Amino acid sequence: MNILVIGLNHKTADVEIREKFSFPEASLTEALLSLRNFSQIDECIILSTCNRVEIYAWVKDKDAGIEEIKSFLSGYHDIRREDFEDALYIYNDATAVRHIFRVASSLDSMVVGEPQILGQMKDAFERALEAKTSGVILNRLMKKAISVAKRVRTDTKIAENAVSISFAAVELAKGIFEDLSSKVVMLMGAGDMAELAARHLVKNGVKAVLVVNRTYERAVELADAFKGKAVAFDNLFSEMVDSDIIICSTGASHYIVNPDDMRVVMKTRRNKPIFIIDISVPRNVNPAVNEMDNVYLYNIDDLQGVVDLNLKGRQKEADAAEQIVVEEVETFLAWMNSLDAIPTIVELKDKIESIRKAELGKTLSKLNGIGEKETKAIEELSNSIVKKILHTPLIALKVDIEPEEKTFYLDIVRRLFNLDRTLPHRYHREKLQSPTDETKDKESEK
């Protein structure tokens with residue numbers, strides 16, 4: 001089994017590093033195809049969110065695969081390996097499967113129990129399917145991860161009262177102002193995060209919600225849904241003058257708000273304090289604006305204190321979810337183990353089928369004059385006999401047992417049915433001999 005997970009997240013890398021490794025939506029397919037072109041990579045999926053960048057891969061050789069993925073990350077983002085290797089985590093086989101199941105179930109999220117990560121994983125899976133960079137192994141793994149996440153949400157209460165990054169941003173704003181009823185809030189961006197933030201803001205009774213977005217029609221749609229006001233992107237800074245809180249969550253890969261812009265805004269608003277919460281990754285607000293008087297800038301990592309309080313209240317449910325993940329990892333590994341037997345099972349069935357057809361042909365040729373009905377009955381009889389004879393051995397080969405024991409049974413089946421008939425007889429002896437037998441043979445030759 002050669003499954004790999006290589007990545008970095010909010011626990012191993014701060015936002016300054018994470019944003020350098022972010023894969024923009026528009027270039028994700030190109031990145032997948034570029035990674036798939038490496039010689040060791042048989043299948044790959046890239047998950048890129050505000051808090052994590054992870055590559056899931058099925059590789060020919062683990063060590064070589066790890067080296068190629070590091071080279072890909074370095075080359076694609078033009079960053080020296082020594083500048084990011086300390087932030088990487090690498091999981092393989094069972095630990096990789098467990099990590100993916102934990103990510104899908106939001107057990108590894110900054111906000112444990114938040115639902116957004118499952119949607120992001122589904123999107124990443126869809127992009128890999130479209131680009132044809134995932135196959136039998138990763139497709140099965142991702143479908144299983146999605147079903148594990150659903151089971152966790154159904155069988156535990158981990159998702160009840162779970163917060164989101166947007167909710168945490170609003171909670172931070174409430175912590176700053178206590179009362180939001182006199183505050184004007186501007187949402188930069190009109191995606192899912194902005195929509196969630198708008199919902200929380202309206203619930204907390206803000207004075208007004210402004211929505212600014214590159215696509216004005218989307219800004220209008222979101223603003224109308226929450227009785228807010230849409231703002232054309234060109235009017236961003238003029239409208240910012242009357243805003244008290246800015247929550248920024250756009251998909252742009254560069255700074256939208258810079259010190260020069262903020263100097264004009266602050267001068268016009270007569271230096272009245274303004275709070276900016278930038279939950280975008282890559283960040284959209286230049287960190288240098290935080291150096292200005294009365295400008296208070298927070299980024300996504302500053303939300304950790306808020307989400308820690310949320311986790312503390314739901315730790316019991318998280319523990320129950322972890323147990324579900326353990327059970328599901330075992331189920332997936334059992335399936336992986338069964339794959340070792342598939343080539344032998346296919347060869348065995350093919351061989352028996354060829355014998356059945358040959359013997360059936362001989363028999364029918366001797367039964368001159370029988371009708372179509374009788375011919376069909378004899379054919380069904382031969383099929384039924386073959387299926388019943390093969391049933392027990394095939395089940396034995398598929399069952400989840402220790403790898404050494406499975407190898408023993410596979411070797412026995414291949415020998416009894418002469419499935420390696422194209423190989424020299426010596427191969428059978430060497431493959432099936434135990435060290436003890438080999439020693440005996442050598443002794444007898446003496």
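**Cysteines and helices**

Analyst: Cys44 counts as buried because its relative accessibility is 0%, where buried means under 20% relative accessible area with a 1.4 Å probe and protein chains only. The model is predicted, so local features need pLDDT of at least 70 and side-chain atom pairs pLDDT 80 or more, while totals for chains, interfaces and linings use all residues. Residues are numbered from 1 along each chain as its sequence is written, and side-chain values use heavy atoms, without hydrogens and water.

User: How many disulfides does the structure hold?

Analyst: It holds 0 disulfides, a disulfide being a pair of cysteine sulfur atoms within 2.5 Å.

User: Changing topic, at what angle do helix 2 and helix 5 pack?

Analyst: Helix 2 (residues 28–36) and helix 5 (residues 116–131) pack at about 60 degrees, and their axes are 10 Å apart. Axes are lines fitted to C-alpha atoms over the stretch in contact, and angles run from 0 to 180 degrees between N-to-C directions. Helices are DSSP runs of H or I with at least four residues, numbered from the N terminus.

User: Which residues make the contact?

Analyst: Helix 2 contributes Leu28, Thr29, Leu32 and Leu33, and helix 5 contributes Arg127, Ala128 and Ala131; contact means heavy atoms within 4.5 Å.

User: And which residues are buried in helix 8?

Analyst: In helix 8, Ala194, Leu196, Ala197, Ala198, His200 and Leu201 are buried.

Technical notes. Helices (H or I, at least four residues) and strands (E, at least two) are DSSP runs, numbered from the N terminus. Buried means under 20% relative accessible area, exposed over 50%, partly exposed in between (1.4 Å probe, protein chains only).
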